[in-house]
2 protein chains.
Amino acid sequence: MTRIFIAIGMVAAGLATRARTQSAGNEVIALEKGALDRWGNGDVEGYLSLYADEITYFDPFQAHRIDGLAAMRAAYGPFQGKIHVDRYEMLNPKVQLSGDIAVLSYNIQNYASQPDGSEKTAARWNVTEVFRRTGDKWRTIHSHFSFTQPKLAP
Amino acid sequence: MTRIFIAIGMVAAGLATRARTQSAGNEVIALEKGALDRWGNGDVEGYLSLYADEITYFDPFQAHRIDGLAAMRAAYGPFQGKIHVDRYEMLNPKVQLSGDIAVLSYNIQNYASQPDGSEKTAARWNVTEVFRRTGDKWRTIHSHFSFTQPKLAP
């Protein structure tokens, strides 16, 4: 009988872990989509407000890694109101949870509306966001954006 | 007197944490350099043997994220013996440690030897490697390679 209770306990603990992982996954995906929505509307504060002081950051436009929130504000603050994405699709987001760290990775496709009402693919990206939980808040400690299969100049 | 001991205890704990962080940082940087050295000599097993089963992976040649060790073996196993990097420089590696997770990020510059004995820059990369410690082993759970400031086709 004891074994059955232990088995039930293990299944319950397993389900609880899975529920916690799913919940943390949904939280960081929601935070990321919120930041993407604001970014597409020209509001860079969505991302900037998610960054921890220790943020480390890569994108294809930088000569090297950017370190720290102050440097990120200096780099992206001036773009406030100057960015517009018509529509995006977040593809296949995956969250790898370990203690207070959640690693979110996904592909994203941006679309640009055409004068005739159709859409074309404006850009495709590979995205990594590493979040750290402090108390009940998730903050980004590392971010890496890159082009998916860029067509390079010969 | 008690306060002094508490203060000394806190300083000691702080130093111990810093020593642990430095040690973990040195470990994952050494693992990464070992894998890079083998890669540059055509041995893809250096990286493949570091990957956890759950590895998620981006590089600029893939149409989307690769998930899992079997898929990575399928993608990079065939390159065994077919890669050569004359020399590389790992620039400004940084490790962000949190529990059993270490996030390593760095820039890297590859060099190609020229017939006249000089060198030219062959490629510049942004690199993210997320390691998880299980027991005394670090394994890569996420990896993201991208070009630094790629020159795109018009």
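The buried residues of helix H1 of chain B are covered by elements that include helix H2 (45-50) and strands E3, E4, E5 and E6 of chain B, helices (H or I, at least four residues) and strands (E, at least two) being DSSP runs numbered from the N terminus. These buried residues are B:Val28, B:Leu31, B:Glu32 and B:Ala35, where a residue is buried if 20 or more other C-beta atoms, placed from the backbone, lie within 10 Å of its own, exposed if 12 or fewer, and partly exposed in between. The model is a predicted one, in which local features need pLDDT of at least 70 and side-chain atom pairs count only at pLDDT 80 or more, whereas totals for chains, interfaces and linings use all residues. Residues are numbered from 1 along each chain as its sequence is written, and chains are lettered from A and ligands numbered from 1 in the order in which they are written.

H1(B) comprises 39 residues (2-40), which at 1.5 Å a residue should span 57 Å, and its end C-alpha atoms, 56 Å apart, agree with this; the expected span is 1.5 Å times one less than the number of residues. Just after H1(B), B:Gly42 takes a positive phi of about 90°. H1(B) lies across E3, E4, E5 and E6 of chain B and runs at about 145° to E3(B), while helix H3 (residues 69-76) of chain B lies across E1 and E2 of chain B at about 60° to E1(B). For these angles, which run from 0 to 180 degrees between N-to-C directions, axes are lines fitted to C-alpha atoms, for helices over the stretch in contact.

In chain B, six strands form an open sheet of mixed pairing in the order E2-E1-E6-E5-E4-E3, two strands being paired if DSSP finds at least two bridges between them. Strand E2 (66-67) and E3 of chain B stand at the edges with a single partner strand each, so one side of each is left without a neighbour in the sheet. E1(B) and E6(B) run parallel and are joined by four bridges, and B:Tyr51 has B:Thr140 in E6(B) as its bridge partner.

Between the chains, 34 residues of chain B are in contact with 34 residues of chain A, contact requiring C-beta atoms, placed from the backbone, within 7 Å. The elements of chain B that give two or more residues to this side are strands E1 (51-58), E3 (87-98), E4 (101-113), E5 (119-134) and E6 (137-147).

Technical notes
Contact = placed C-beta atoms within 7 Å.
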